[in-house]
Amino acid sequence: MAAGAESYHHARMRTSGTDDVQRWTTSTVHTDMWADPDDDPREGGGTVVVDERGALLDALRHFRLTLELKCEGLDAEQLALRSVPPSTMSLLGLIRHMAEDERHFRRLAGEDTPRIYRTPDDRDADWNGAVADPAVVEDAWRRWREEAELTDRFVAASPDLGAPIADGGQLRELLTMQITEYARHCGHADLLRERIDGRVGQ
């Protein structure tokens, strides 16, 4: 679709099980993308990639932003919408889960911090507590951003990616695991978002 055409491209394929939802994107350049390159915050502005650390941090930034984009423009009810029974997965649950995971990253590296949501009685409290309440949504975003910032500070204070950490591995291995976790869940976010309102894009 050429520039200057309507801003929302609607595909004709309907999503399975949701006959009132059509696939669409705001991109006018590539219809399989989330947004045009000039409007995509993942394009530019990241870590300058000159070494291994830069490459890892840039990948982590990319997937964090992708999670944010996949939740863009949704209200509490939409964010809390679960995928398909019996799954408890929702976009709001993903935000809470990744906040927990950012903290878990630092726990594996030796930081002594308690769980945010998970308890011995409810190991899936990050998912189960993702209810359609604006206050819960606000708290989830706040916690996720705080935990991500603390992770960034932790990594910045560790000059050697090969130094041994508490779990016996190396910081580079933990960073790779964290990127993999985000990438895996961004795939889930793709499907969750498409089911909610049909919006597609990498």
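This note comments on helix packing and the nonpolar core in a predicted model.

1. Helix H3 (residues 91–108) and helix H5 (residues 134–156) have axes that come within 8 Å and cross at roughly 25 degrees. Angles under 35 degrees count as roughly parallel, and H3 and H5 are therefore described as roughly parallel to each other. Their crossing is left-handed.

2. On the H3 side, the residues that meet H5 include Leu-92, Ile-95, Met-98, Ala-99 and Phe-105, together with Arg-96, Glu-102, Arg-103 and Arg-106. Their partners in H5 include Val-137, Trp-141, Trp-144, Glu-147 and Phe-154. By class, the contact of H3 with H5 has 14 nonpolar, 1 polar and 6 charged residues.

3. Helices H1 and H5 pack at an angle of about 180 degrees, and their axes are 13 Å apart. This angle makes H1 roughly antiparallel to H5. Arg-53, Leu-57, Leu-60, Arg-64, Leu-67 and Glu-68 are the H1 residues that meet H5, where the residues contacted include Trp-141, Trp-144, Arg-145 and Asp-152. The contact of H1 with H5 comprises 8 nonpolar, 1 polar and 5 charged residues.

4. The largest nonpolar core has 39 residues. Those with the most contacts inside this core are Leu-67, Leu-79, Leu-91, Leu-92, Leu-94, Trp-144 and Leu-175. Two or more residues each are given to the core by helix H1 (52–70), helix H2 (76–79), H3, helix H4 (125–128), H5 and helix H6 (171–197). H6 supplies the largest share, 9 residues.

5. Leaving aside residues up to four places away in sequence, Leu-94 touches Leu-67, Trp-127, His-185, His-188, Ala-189 and Leu-192.

Terms used. Residues numbered from 1 in each chain as written. Predicted model: local features only at pLDDT ≥ 70, side-chain atom pairs only at ≥ 80, totals over all residues. Heavy atoms only, no water. Axes fitted to C-alpha atoms, helices over the stretch in contact; angles between N-to-C directions. Helix = DSSP H or I, 4+ residues; strand = E, 2+ residues; numbered from the N terminus. Parallel < 35°, antiparallel > 145°, perpendicular 65-115°, else oblique. Left-handed = near helix turned anticlockwise from the far one by under 90°. Contact = heavy atoms within 4.5 Å. Nonpolar A, V, L, I, M, F, W, Y, C, P; charged D, E, K, R; others polar. Core = buried A, V, L, I, M, F, W, Y, C linked by side-chain atoms within 4.5 Å. Buried < 20%, exposed > 50% of the residue type's maximum accessible area, 1.4 Å probe, protein only.
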